[in-house]
Structures are given as structure tokens and as C-alpha cells.
Amino acid sequence: MTAREAVPTSWRAALDPVLASPESRRLGDFLGAEEAAGKVIYPSRGQRLAALEMTPLDAVKVVILGQDPYHGPGQAHGLAFSVQKGVRVPPSLANIYKELQSDIGFVAPGHGDLSAWAQQGVLLLNNALTVEQGQAGSHQRKGWEAITDACVAAVASGRHPCVFMLWGSHAQKKAARVPGLNDGRHLVLRAPHPSPLSAHHGWFGSRHFSQANAFLVAQGRGAIDWSL
């Protein structure tokens, strides 16, 4: 994963320094050891950089930060909060759909695949890009953070104004480490996480999706079509 050639072309210059770092080498060693031990890791190797592959750096309009991939069989496919068609919509995503309906009249589809958002410039990035089956948070603090911090910093330092949707304390703390994110050029939206544990404490009614589109239109970047 940490080999330079595995990183999509548009992200290589931004990630080259961190991919040569001790954190990246430690991550590669860790993942290799886990796989050698026969542990099941999600998502599969070919999907771990799907967020970067589907959303080139210069095309990013919106950043949504998740914590780590879903850890159940068949769920994670490399996009934060997303599951492939045919997989049951997880509770946090169901709450995202509810807020979209209230905010912009969204009609929930019968699936949880958010690829259409990624293809329009919504970077669906988790803090850690892998997880052990059944073990939420198991690959946190193993080296991924240096790489995903660099991704967020690359967007924040780019030439285009973007929207950052920070849901929950984890995403908000991550974003706080990024220079230039709060300089007024970008729209930074904060709310509790859409998890059933916290959604009723300010997630519902946050209206992030309509605010994002108003900002993007005002900046001449074009609205996101949130329908799926």
C-alpha cells in the first residue's frame, strides 16, 4: 500500500514525503504482519485507496472525514460511510440520509453506495484506511494518520476553496492539526457524529448539505448533486 506507485497520480506529490517517513514504513510492516498472521483486514488491498482514486486532488470540493472503515464482512469498500449496493445501509448512513431528506428533500435510495458523491468531488476519507474484521478502531495509531493528515492538508493548501464537514470530535480534532484550514478561505462545518449515539445532539438539523452547496455555488465551483 505504501509503495509510491499505488498512490493515484494526482495525490503523489502531496503524499511522497509522508510515504518515505518512518510512520509509513511502520504501517507497511504492521499490515504485512497482520496479513501473514491470517487476520482478515477490510477493505481488500485493491480498495484501500478508493477515496483517492475516485476523487482526484484537484477535483475535491467537499471533504467528509470518517474514523475507520466498517468492520463487518462485505461492508467496507474504501469510501467513508459508504457500503456497496446489496449491503444493508448502516445506522450512521441511515441518519445521514434522514438529515439529507430534511435539509434538501433527498429521497433515500435502496442502497448505501456513495460512489456518485466521490465522482463529483466529495472526498470520503477515513482517518485509518484499514481495520481488522470485527475490531473497530484496531488500525488506529498504526501509521495511517500521517498519510490521511497529509491528504487533508493537501486539500486545505490547494488553490480552490472547499467545504470540510467535520462530524464528531474525532474529525474535528484531526482537522485542528491542519495548517490553513481555518484561515477563512474554506467553509468548515462542525456537528456531532451521525451515529445513533449522538445524532440527536445536534447532527439532525445541522443542514450541512445545503450550506455546502450554497458556498460552492458562491465560489463558482458548482453544487453537488446529493441524490443517489
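Student: What makes the residues in the lining of the largest pocket divide into nonpolar, polar and charged?

Tutor: In this predicted model, the lining divides into 14 nonpolar, 16 polar and 2 charged residues. Asp, Glu, Lys and Arg count as charged; Asp68, one of the residues nearest the centre of the pocket, is therefore assigned to the charged class.

Student: Which elements supply at least two residues each of that lining?

Tutor: They are β2 (62-66), α4 (91-104) and α7 (169-176). The most comes from α7, with 3 residues. The volume of this pocket is about 550 Å³.

Student: Why is Asp68 called buried?

Tutor: Its relative accessibility is 17%, and buried means under 20%, so Asp68 counts as buried. Asp68 is found in the loop between β2 and α4, and an unreviewed UniProt entry lists Asp68 under "active site".

Student: How do you know that the side chain of Asp68 makes a polar contact with the backbone nitrogen of Gly137?

Tutor: A polar atom of that side chain lies 2.6 Å from the nitrogen. The cut-off is 3.5 Å, so the pair falls within it. Gly137 is also among the residues that Asp68 touches, as are Asn126, Ser138 and Gln140.

Student: Why is Gln84 called partly exposed?

Tutor: Gln84 has 35% relative accessibility.

Conventions. Residues numbered from 1 in each chain as written. Predicted model: local features only at pLDDT ≥ 70, side-chain atom pairs only at ≥ 80, totals over all residues. Heavy atoms only, no water. 1 Å grid on protein atoms, 1.4 Å probe; cavity = no way out; pocket = protein on both sides within 12 Å on 5 of 7 lines; lining within 4 Å. Points joined across faces, edges and corners; volume = space filled by probe spheres on them. Helix = DSSP H or I, 4+ residues; strand = E, 2+ residues; numbered from the N terminus. Buried < 20%, exposed > 50% of the residue type's maximum accessible area, 1.4 Å probe, protein only. UniProt positions renumbered as here; feature names shortened; annotations may be inferred. Contact = heavy atoms within 4.5 Å. Polar contact = N/O pair within 3.5 Å; in protein donor to acceptor, adjacent residues only side chain to side chain. Lists of a residue's contacts leave out its neighbours within four places in sequence.
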